[in-house]
Amino acid sequence: MARPKIAFVITRSDAIGGAQIHVCDLAAALQDTGHDVRVWVGGDGPFVDLLGARGVSVRSLEHLVAPISPRTDMRAALELRRALAAYQPDLVTLHSSKAGVVGRLATRGLGVPVIFTAHGWAFVEGVPRRQAMVYRRAERLLAPLADRIITVSQFDKQLAANARVGRPDQVVCVPNGVRDVRPELRADPGAGPPRLTVVARLDVPKDPFTLLKALHALRDRAFSLEWIGDGPRRLPAQRLAASLGLEDRVQFVGSRDDVPARLARSSMLLLPTDREGLPLCILEGMRAGLPVVASAVGGIPEAVADGQTGRLVLPRDVSSLSHAIGALLDNPAARTKMGAAGRQRYEARFSFARQYMGTVGVYRSLVSSIARTRPTFDHDHANP
């Protein structure tokens with residue numbers, strides 16, 4: 001029996017974040033096993049190039065843009081609807097909040113199963129109250145237009161239940177996972193002098209300002225920090241680093257395509273943030289065998305075992321963050337022990353193979369339950 005045709009839809013191509021990597025890895029793995037896969041994305045940025053390099057068929061949508069604009073969004077829905085009607089997929093999978101809205105409107109009446117993957121809800125605590133209320137109501141109204149809703153963390157699944165978004169049997173948690181790296185790309189976190197690394201876009205909700213203030217309190221220790229990622233908070237963060245006298249010890253290196261190699265030279269992964277789903281950079285740090293110090297928000301505590309694989313701190317708490325980092329700066333043996341425990345936790349819970357199998361299981365059960373005569377999914381995957 002033929003394998004299904006799968007359409008992925010995601011909003012932004014101008015930045016490569018966790019949702020983009022999630023889509024690229026899934027689409028490439030499905031295509032490697034012979035599935036007919038196509039990705040639709042807003043604009044024509046570096047994410048289009050990444051998909052092309054992985055051999056994934058990609059199409060750009062002119063009107064699918066991130067800012068809310070009712071007129072443009074309606075044009076995007078019509079544009080996507082025409083594209084999907086021509087492609088005739090067996091399954092449509094939507095990623096990111098805007099694509100989730102536009103895609104669910106576009107697929108009404110097409111008779112194709114639809115899955116929306118929430119990479120973190122827009123009504124999570126920390127979002128302005130009025131804005132969160134609007135997003136929560138919108139998700140309640142749109143939930144019936146998807147056959148399944150996948151969350152990337154148990155935190156987000158519970159958040160949906162608390163907000164009455166979707167039916168209990170409709171919302172499924174498939175934790176994020178990342179592909180493994182070669183053994184030579186694993187770190188030696190106990191080596192010195194300590195190198196601290198952040199891998200994150202410099203934009204809301206990431207918080208470079210609390211981190212820089214925490215490091216200022218540790219300026220008598222030996223360390224260096226590398227922030228990998230770009231965004232609108234880069235310039236103000238650089239200015240703060242200079243004002244704190246940290247410009248010689250903190251580097252903002254922008255977006256890079258050699259993140260695994262840089263993590264292999266690191267001693268510790270940091271993630272100061274106000275809200276999250278289940279960020280891939282945390283899993284990448286654990287994969288490299290690094291201890292992780294991160295804000296205890298969203299799904300992060302599901303990945304980082306406090307005191308075992310790293311340390312969790314409250315967001316925007318300069319003192320707690322400084323103390324957690326300082327304790328590991330002073331203890332190379334603890335960095336090594338926590339890094340090894342993090343690597344084991346990654347292998348057991350957060351490999352890409354586990355994520356792939358879980359996701360394809362949702363795809364398969366949905367397609368089978370809607371039309372048992374349709375093509376079936378193969379659970380096998382190539383080079384996870």
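**Group meeting: a walk through the predicted model**

Hi everyone. The chain has a mean pLDDT of 93, and 96% of its residues reach 70 or more; pLDDT is the predictor's confidence in each residue, from 0 to 100. This is a predicted model, so local features need pLDDT of at least 70 and side-chain atom pairs count only at pLDDT 80 or more, while totals for chains, interfaces and linings use all residues. Residues are numbered from 1 along each chain as its sequence is written, and side-chain values use heavy atoms, with hydrogens and water left out.

Let me start with strand β1, residues 5-12. Helices (H or I, at least four residues) and strands (E, at least two) are DSSP runs, numbered from the N terminus. Six of the eight residues of β1 are buried, where buried means under 20% relative accessible area, exposed over 50%, and partly exposed in between, with a 1.4 Å probe and protein chains only.

Which strands pair with β1? Strand β2 (residues 36-42) runs parallel to β1 and is joined to it by seven bridges, with Ile10 opposite Val41. Strand β4 (residues 91-95) also pairs with β1 in the parallel sense, over five bridges, and there Phe8 stands opposite Thr93. Two strands pair if DSSP finds at least two bridges between them.

β1, helix α1 (residues 18-32) and β2 make a right-handed β-α-β unit. Right-handed means that, with the strands pointing away from the viewer, the path from the first strand over the helix to the second runs clockwise.

Now look at Thr117, in strand β5 (residues 114-118). Is Thr117 buried or exposed? Thr117 counts as buried because its relative accessibility is 2%. Beyond four places in sequence, the contacts of Thr117 include His22, Thr93, Ser96 and Val152; contact means heavy atoms within 4.5 Å.

Ser96 sits in the loop between β4 and α4 (97-106). Its phi is near 85°, a positive value in a residue other than glycine. Gln88, in the loop between α3 (70-87) and β4, has a positive phi too, near 55°. Ser96 counts as buried at 18% relative accessibility, whereas Gln88 is exposed, at 59%.

On to the six-stranded open sheet: the order is β10-β9-β8-β11-β12-β13, with parallel pairing. At the edges are β10 (250-254) and β13 (310-313), each pairing on one side only. The twist averages 20° from one strand to the next; angles run from 0 to 180 degrees between N-to-C directions, and axes are lines fitted to C-alpha atoms, for helices over the stretch in contact.

Within this sheet, β8 (residues 195-199) and β9 (residues 224-228) share five bridges, and Val198 has Trp227 as its bridge partner. Helix α7 (residues 208-216) packs on the sheet, touching β8, β9, β10 and β11 (268-271), and its direction makes about 170° with that of β9.

Two cis peptide bonds are worth a look. One runs from Gly192 to Pro193, with omega near -5°, and Pro193 is in the loop between β7 (171-173) and β8. The other joins Val204 and Pro205, with omega about 15°; Pro205 is in the loop between β8 and α7.

Finally, a caution. pLDDT stays under 50 over residues 372-376, a stretch with 18 contacts beyond four places in sequence. Residues 379-383 are also below 50, with 15 contacts beyond near neighbours in sequence. Where pLDDT is low, the predicted coordinates should not be read in detail. Thanks, everyone!
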